[in-house]
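Visitor: I would like to go through the pockets and a helix pair of this model. Could you show it first?
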Amino acid sequence: MVSFEEARNIILSSVAVVGAERIHLLDAAGRVLAEDMAAPWDMPLWDNSAMDGYAVNSADCGVAPCKLRVSAFLPAGAHAEGVRVEQGCAVRIMTGAPTPGGCDAVVPVEETGNGDLEITLREPVRKGQHIRFRGEDVAYGVAFARAGAIIRPPEVNMLASFGMALAPVYRRPFVAILSTGDELVELGTTPGPGEIVNSNALSLATAVREAGAVPLIVGIARDTRASHMERLQEGLKADVLITSAGVSAGDRDLVRDVLEELGARQLFWKVGIKPGGPTAFALHGTTPVFSLPGNPVSTLITFEEFVRPALLKMQGHRRVLRPLFKVVLREELRKKPGKVQIVRIRLERGDGRWYAASAGNQQTAILRTMVDAEAVAVLPADSTCFAAGDEVDAHFYGNHIDLLEATP
Ligand code: AMP
Ligand code: MG
């Protein structure tokens, strides 16, 4: 058995980015930049006005109030060539318009007593005021976003501002999802006696998609070597293979055996985590193979703790583990020593702290508690009991946590 931390280290040191591609900006949200992006020109490209007002020469308006004659008009989109601020004059200018020659300051319209032909400035003018200078946002050649940055609306705006319609991003890995077991029927079929729906394929596909990767459901391997052989070979064509069930110590648990026969190198089997102990991890060539236990709760928790970080790393993310924060326990918790325990919890905010209550029955077979959980507490392997009021580490569960309602 490897520890929870060893398992993560082995996994994360076994996976790497799967390559890059160029995609349209509108499809790039949430993807990770694969290259440093340097400004192909100064932004802004010319000095321009930050306000609707008047372009002036500050030397003309050292003493307030002063009167200036309005000699020209520069709306946004206008060219400033041939327009000058002559002595005793001001040029009417709109936000974003290039500042004319002879101008070293802009006076907002609100600070003028304005007529059409003549204006009065009520305040002295500071040189440089309300001008956006060439290159002051990003200068030519400077990196405005680095490889590893997540593309959000601001990054999209930068790329678009520089005329870049395509963004170089790391590719999304294709993730084969293989279920195993004679008891499984496909969604849409009513289960007969002893049968259950292959629900793990759907929850894993959803989790894979939430992690930014592309799920490929490759069906069900029946509990025979031949069926496992055939389906595992199919699954190994993807960038990543996830199997569910058939990885415990039962005599029908064939996944690890057949993977080995197919040339996969097992890096660990059995992890100090509860739920999810029987998890195995192997490499087939460079293809990572995660063999997760079949219990839907174990499957999702081991996905969350082990597979998701790997999929994020493969897409170029640098922070691949959810941030931990402290929660105050509402009730006492007991566990056996030796394994990290993942406890499904609900959260409540009070006096600046998070309070955690159990989300329900913590048995592995109770999926309902997973549905009710907003977060999980991560209890260290060597710990045994916690009193109400103790603080433990926790992390949010799921991608939409900021949209969840507070616990009533
Ligand atoms: P196993 O690892 O094969 O012993 O399976 C452990 C438990 O998970 C059993 O109760 C299975 O019925 C259940 N299980 C296995 N595969 C799936 C699946 N694809 N969807 C939902 N439950 C499953
Ligand atoms: Mg089975």
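Guide: The second largest pocket holds about 510 Å³ of space. A pocket here is an open set of points on a 1 Å grid over the protein atoms alone, where a 1.4 Å probe fits, with protein on both sides within 12 Å along at least five of seven lines. The volume is the space filled by probe spheres set on the points, which are joined across faces, edges and corners.

Visitor: Which residues lie nearest the centre of the second largest pocket?
Guide: Thr-206, Glu-210, Leu-300, Tyr-397 and Gly-398 do, out of 23 lining residues; lining means having an atom within 4 Å of a point.

Visitor: Which element gives the largest share of that lining?
Guide: Helix α3 does, with six residues. Helices are DSSP runs of H or I with at least four residues, strands are E runs of at least two, and both are numbered from the N terminus.

Visitor: What is the source of all this?
Guide: This is a predicted model, in which local features need pLDDT of at least 70 and side-chain atom pairs count only at pLDDT 80 or more, while totals for chains, interfaces and linings use all residues. Residues are numbered from 1 along each chain as its sequence is written, and side-chain values use heavy atoms, without hydrogens and water.

Visitor: What is the volume of the largest pocket?
Guide: The largest pocket has a volume of about 630 Å³. Among the 25 residues lining the largest pocket, Ile-150, Arg-308, Leu-312, His-317 and Asn-399 are the closest to its centre.

Visitor: At what angle do α3 and α6 cross?
Guide: The axes of α3 (residues 199-210) and α6 (residues 296-314) come within 10 Å and cross at roughly 30 degrees; axes are lines fitted to C-alpha atoms over the stretch in contact, with angles from 0 to 180 degrees between N-to-C directions. Helix α3 is therefore roughly parallel to α6, a term for angles under 35 degrees.

Technical notes
Chains lettered and ligands numbered in written order. Parallel < 35°, antiparallel > 145°, perpendicular 65-115°, else oblique.
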